[in-house]
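Welcome! Please take a moment with the sequence and the model below, and then we will walk through them together.

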Amino acid sequence: MSQAQANSTMGKRPLMALQRAINMQVRVRLKNMLEYRGRLINVDSYMNLFLDEAFEHQKDGRVSEKLGRVVIRGNNVLYIVLGDEALI
Amino acid sequence: MSQAQANSTMGKRPLMALQRAINMQVRVRLKNMLEYRGRLINVDSYMNLFLDEAFEHQKDGRVSEKLGRVVIRGNNVLYIVLGDEALI
Amino acid sequence: MSQAQANSTMGKRPLMALQRAINMQVRVRLKNMLEYRGRLINVDSYMNLFLDEAFEHQKDGRVSEKLGRVVIRGNNVLYIVLGDEALI
Amino acid sequence: MSQAQANSTMGKRPLMALQRAINMQVRVRLKNMLEYRGRLINVDSYMNLFLDEAFEHQKDGRVSEKLGRVVIRGNNVLYIVLGDEALI
Amino acid sequence: MSQAQANSTMGKRPLMALQRAINMQVRVRLKNMLEYRGRLINVDSYMNLFLDEAFEHQKDGRVSEKLGRVVIRGNNVLYIVLGDEALI
Amino acid sequence: MSQAQANSTMGKRPLMALQRAINMQVRVRLKNMLEYRGRLINVDSYMNLFLDEAFEHQKDGRVSEKLGRVVIRGNNVLYIVLGDEALI
Amino acid sequence: MSQAQANSTMGKRPLMALQRAINMQVRVRLKNMLEYRGRLINVDSYMNLFLDEAFEHQKDGRVSEKLGRVVIRGNNVLYIVLGDEALI
């Protein structure tokens, strides 16, 4: 594998994909099935997330609370939606 | 990335965001959905929190108990609200 | 054991099997019994998964949501189906 | 930050706050919502606690059992109340 | 203990017993009581398992799904049956 | 702090308190609320316990089973009662 | 402490007690309250167990399944009964 190929593969690693989503809109589903939508300010390797303009959504999608700036502890995360599907 | 840029990114990391909230009002939601509001005295990298003037709130927002000075074990934390939304 | 045999055994290790499934269709069952089907972009040693064109399926197989590009936190994973059975 | 300031910040870290509460009355809420009140003899970095003159209290505050000298395993801890609110 | 005795004891360690079962039929019971039967391709020290020709069985033994090639995350494992009882 | 004071503090640490209880009667409450009473033969830093003459007690205190010599895995422990209250 | 005393204490540590039970009959209670009885072939420091001639027993003691040779993942273990009480 060339250095260029290795870099390309690294850039696709799950934690790197999260790094590339910084400043973008994300949807974070937690284990308790609540969902948090907001702009990703930063994320660390444990998947601790720092969001801005965040809202809590119930399972049916309804907003239940405005949270604003919030740090979510990574061990609660089920999945994080990036890209177009995070914009709805 | 310049040193200045690196510092700026580091300062946005989730754990650094918590450090910057020291002495400010925060809202801490635990996995059991109870919420603790108070002034953040300190926090460590495991998200153990030391709060002062803390109150326990039920899911519906009602105060259920005054706790005063309290150390919350980090592994129970779901999320921590910083900034304006922590002031309500 | 010869070097060739050692390489052959290593290539069959669970985490290597996941690496070989990159760019292929996979089915990921989580502990909460929800299932995610999509193309595996990358996976790390913690089983954090980065999927594209992902859909959430209920226990009965019905699609409940389109997720698109999604990072699934590895500790939620029950199992990952590779190969032909992942294509249904 | 001066050395004096650094020491002052360290002294406020959650685990240091617990160290300073040694020999004082504390209230320990566990994840199962039972509460233990007693004098803190010692505590380690995992939040394992050694209490003396400890009593178990139900969620409604009633004493359910006298325990006397007891070691509580740290991973069960939800929070620890220090200071005046621990004296009730 | 002689070197021969030490080798003999090591070969009986739980993780070594799993290594010796490679290419054999196994029954894997998970914490959620679902059972997976198939041929063990490989296993690592975390008990991540790579099975081929795998089927999911309900608690009563009935097959509920064909999975084919599947990687099971080790932390879900309750026990793994080796030998004759894995052949039924 | 003098060396003598440091030694005195160390001797009160939770894990040291358990070491000092070796050969004494203890009451071990597990997370599932079952209780085990017996003589503590030994304990390690993970709170794995080796008891002799052990009995299992239901929540209401009734003996449900004689276990004799038993090793309890530490991660199940809620608390361990030492001293007089362990003698009832 | 003399070397002889130190060896004597080490031999009583919980994990050493399990090592001494190799080739003997044991009763293994899991967190889900199912019990496995069989001859202990080997055990590691994580309490992964390798049993032979193993049977699964329901809470009421009835045999529910013959398992034969089985590896039990250590994190599921509640306790392990050694000695005479393991022979019933």
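Which residue stands opposite Val81(D) in β5(D)? Val70(B) stands opposite Val81(D). This is a predicted model, in which local features need pLDDT of at least 70 and side-chain atom pairs count only at pLDDT 80 or more, while totals for chains, interfaces and linings use all residues. Residues are numbered from 1 along each chain as its sequence is written, chains are lettered from A and ligands numbered from 1 in the order in which they are written, and side-chain values use heavy atoms, with hydrogens and water left out.

**Chain A on its own**

Let us begin with chain A, which has two helices and five strands. Helices (H or I, at least four residues) and strands (E, at least two) are DSSP runs, numbered from the N terminus. Read from the N terminus, the order in chain A is α-α-β-β-β-β-β. Of the 88 residues in chain A, 56% are buried, where buried means under 20% relative accessible area with a 1.4 Å probe, protein chains only. Among contacts (heavy atoms within 4.5 Å) in chain A between residues at least 6 apart in sequence, 39% join residues at least 24 apart.

**Two interfaces**

Here are the interface values. Buried area is the accessible area (1.4 Å probe) that two parts lose on being put together, summed over both. A salt bridge is a side-chain nitrogen of Lys or Arg within 4 Å of a carboxyl oxygen of Asp or Glu.

| Interface | Residues in contact | Buried area | Salt bridges |
|---|---|---|---|
| Chain D and chain B | 23 residues from chain D, 23 residues from chain B | about 1800 Å² | three salt bridges |
| Chain A and chain C | 23 residues from chain A, 23 residues from chain C | about 1800 Å² | three salt bridges |

**Chain D and chain B**

Carbon and sulfur atoms give 57% of the area buried here between chain D and chain B. On the chain D side, Pro14(D), Leu78(D) and Tyr79(D) lose the most area, together 31% of what that side buries. A salt bridge links Glu85(D) and Lys66(B), with the closest N and O atoms 3.5 Å apart. The elements giving two or more residues to the chain D side are α2 (14-20), β1 (25-30) and β5 (77-82), and β5(D) supplies the largest share, six residues. β5(D) also runs antiparallel to strand β4 (residues 63-72) of chain B, joined by four bridges; two strands pair if DSSP finds at least two bridges between them.

**Chain A and chain C**

Now for the other interface. Carbon and sulfur atoms give 56% of the area buried between chain A and chain C, and Pro14(A), Leu78(A) and Tyr79(A) supply 31% of the area that chain A buries there, more than any other three residues. Glu65(C) and Arg27(A) form a salt bridge whose closest N and O atoms are 2.4 Å apart. Of the elements on the chain A side, β5(A) gives the most, with six residues. β5(A) pairs in the antiparallel sense with strand β4 (residues 63-72) of chain C over four bridges, and Val81(A) has Val70(C) as its bridge partner in β4(C).

Terms used:
Buried means under 20% relative accessible area, exposed over 50%, partly exposed in between (1.4 Å probe, protein chains only).
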